[in-house]
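User: Could you take one part of this model and walk me through it closely? I'm new to this, so please spell out the terms as you go.

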Amino acid sequence: MPKPAAETITFTLDGLEVDSPAGLMLADAAKLGDVEIPVFCYEPKLGQPVGACRMCLVEIEGIPKLQTACSTPVRDGMVVLTQTDRVKEAQEAILEFLLINHPLDCPVCDKGGECPLQDITMGWGGGRSRFIEPKRHFVKPLALSPLIAIDRERCILCYRCVRFSQEISEDYQLVLQERGAHSYVSTFDGHPYVAPFSGNIIELCPVGALTSQAYRFRARPWDVEGSGSVCTLCPAQCNVEFTVRDERVMRVLARDHAGVDDGWLCDKGRFAYQSVHVDSRVTHPLLRVDGELVPVSWDRALDEAAAGLRSAGADTGAIAGGESTNEEGFLLAHLMRGGLSSSHLDSRTGGTLSRDLHAALHAPQRQACVEDLEFAHALLVLDCEPVDDAPVLDLRIRKGIRRNAVKLAVATSRPSSLDPNAAAVARFAPGAGEAFCAALNAALGGEDTVVDELAAAAGADPAEVQALAAVLTDAGEDVVIVYGERLTHGPRGEHAARALLNVAGRVITAGHDGCGLLELPAGANGRGLREVGVLPNAGPGLTPVTSPGLDSGGIAAAAASNQIEALYLLHVDPLRDMPNRRLWKKALARATMVIAHAAFLTDGLWEHANVVFPAESYAEKEGTVTHPDGRVQRLRPAISRPDAVRGEWQVLADLCKRLDHDPGVLTGPMTSATLFAAIPFLAGLTLDEIGGRGVRWPERPQAAAWPQADGGPFGLEAPPFAPTPNGDLRLGTFRSIWAAPEVELSPALKFLRAHQRAELCPADAQRLGVAHGDQVTVSSNGSQVNAIASLRASVPGGTVFLESGLEQDSASELDAGLVEITRA
């Protein structure tokens, strides 16, 4: 359904007329009249109110009984009273009942000083208690999970945590056990509450019943300060607030932004801040001397790096990882093209697209925004897994289905966590996204005679393709396609992009609000890096370049054959983050100079890097990043940089100076201003305009300067057929949310550290003599990976899925489409 238009009504609140959007709950509408109605159970983000706590009772003229403001929508002409004796008596009574069993342990409670129960007791309570009997007692504190401690004596049974588990994240793990005064929050089977979004219940809890194990007893509210910024650990780019004490991040809270994260965080974004302060972090420049990396001065490290780059000249390749800011990417491109006359730079992991296809896929008139996921008529999730690729978007999609009846279609190789919510599901062979899009395009166009052949090429069921097409065409005009960058990876990535644009042309009306394409890039700032020129065939603003360079795969191949002498790695370890690990091992070993920006020394950098510049953490960065929907957001430093760490824009600028190509920037904001001036569709943008909420540049008038490109329809080549297993198994890869150094190094998250598992269906496992939990070896072309067998009934037959992004036994060790599995 389209986003409803706001209608304004007028109601009377304590004798004053207040204008409010129609249908807004009275508890929220009262704030527009500068009146606070106390609530405990009510939280708009949780959906329909339940009226459990009864704290928000008010008088409404014409209704004899007191009404709950949280569940009463305002109506035109309504007269509401919140200050009468009757209301005050009811509120005092509710508080007295809540405090009967609540322990008076505020001085030692982590919530003390920022506790709604404290505040409301002081503001609306009677100031006395008539209860003298013993309070109820539970064993406390208990570990609800390794991340969350629960004190059941403090719980006021507001249902917030249970509702989050059942209605928002839909993991259905939390329940209320027992009845009446004996009720308590638990998991149904007593197992730990482990889920991608479990940490949100800590922030939802209005008392100190649920506390963070990582933050527990670390600080009090009057000892800390909050600093707003953006999380750059994944493409969701959630708005966060760092809680800082003595230049250390103590916790991370959500900073509500309806256009980005809806006020939620994944557990990686909430707890991985601990990696900022680990002892193994690189805090000084490192130089390889006699085969070992040793700390050196900044001048020596910069001089050595500049000398190596000058010697390599145009035979230098550069890769930028997703955590790089727009400013860092812009200066890296300035260094490569201006200082070294090299266009061998890339920010994509699976090969580049033509400049015209980049422009067509991300054209402003063809872009969806995050809020469109919630209000579209139909939504296609194509070759991506939101809970891994951009976790918070998974919650937004579930919200749209639950509240607005969005019709979801899922088309992926690997079974998706969204499958149970989908109106149509289609599976295709790993890497066969091009053929699947071609089949879907034919089905949407009524070309039934070719659907069967194209579906066979994709390894898909023609009936599933037709059912998915029916969902997209029958739902309505507002259709959003969320696709993964991996769809356009590989040697036929351009063909897949054209097929995708053909599909979009059939179901999306260009320029129509509420529909469009939304790509989930492989890196957090993947879109921003492309737009600032970190591509081999396009400069800042996707401007054409005179001599295109090699993409990431070409750089690896050239370095492995001694055609590339120097490699510049900005926030990336190719052995971990790029496909074809064997080729990258050879490339790193043969390069004469490897320069890296890194916060942690991975095995690949420890073995191959010649110069390592210490990287800033996302809590220390200054600059901008671009959300997948085109929202430019600002990073602000929350803490100072440790030891000798410098701003990375400054490191890149210093290297440019040493190579006689001074960018003329002296501060971070100067770099941002130079970047905005260089890109036509960002012209006139300022850091002040971006502020704390960001700016979607596709909505600005300057978006007209985006390069024009043909968006189709295109004539499509016949796609190649997916490999036939013939006894072996097709290989599919995925990268989970937990496959990251930040997870491995954060003490709170170590229990979630990703380990290699081979996902296959029970029928294939039985044929191979493999049982769930067995140690197996997956091999192809002389390479092998050790894994634990994980049987999933929903995995398509003839396919095995392995995880990439791991330090050891990563799927990138294998470079063939078919693999063999044997018991170890």
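Analyst: Helices α13 and α15 cross in a right-handed way, meaning the near helix is turned clockwise from the far one by less than a right angle. This is a predicted model, where local features need pLDDT of at least 70 and side-chain atom pairs count only at pLDDT 80 or more, while totals for chains, interfaces and linings use all residues. Residues are numbered from 1 along each chain as its sequence is written, and side-chain values use heavy atoms, leaving out hydrogens and water.

Helices here are DSSP runs (H or I, at least four residues), and strands are E runs of at least two, numbered from the N terminus. The axes of α13 (433-444) and α15 (462-474) come within 9 Å and cross at roughly 60°; axes are lines fitted to C-alpha atoms over the stretch in contact, with angles from 0 to 180 degrees between N-to-C directions. The pair is therefore oblique, the label for whatever isn't under 35 degrees (roughly parallel), over 145 (roughly antiparallel) or 65 to 115 (roughly perpendicular).

Who touches whom? From α13, F436, A439, L440, A443 and L444 meet V465, Q466, L468, A469, L472 and T473 of α15, with contact meaning heavy atoms within 4.5 Å.

Now α13 itself: twelve of its twelve residues are buried, so the rest of the structure largely encloses it. Buried means under 20% relative accessible area (1.4 Å probe, protein chains only). Its cover includes strands β18, β19 and β20, plus helices α14, α15 and α16. After α13 comes G446, with a positive phi near 75°.

Terms used
Buried means under 20% relative accessible area, exposed over 50%, partly exposed in between (1.4 Å probe, protein chains only).
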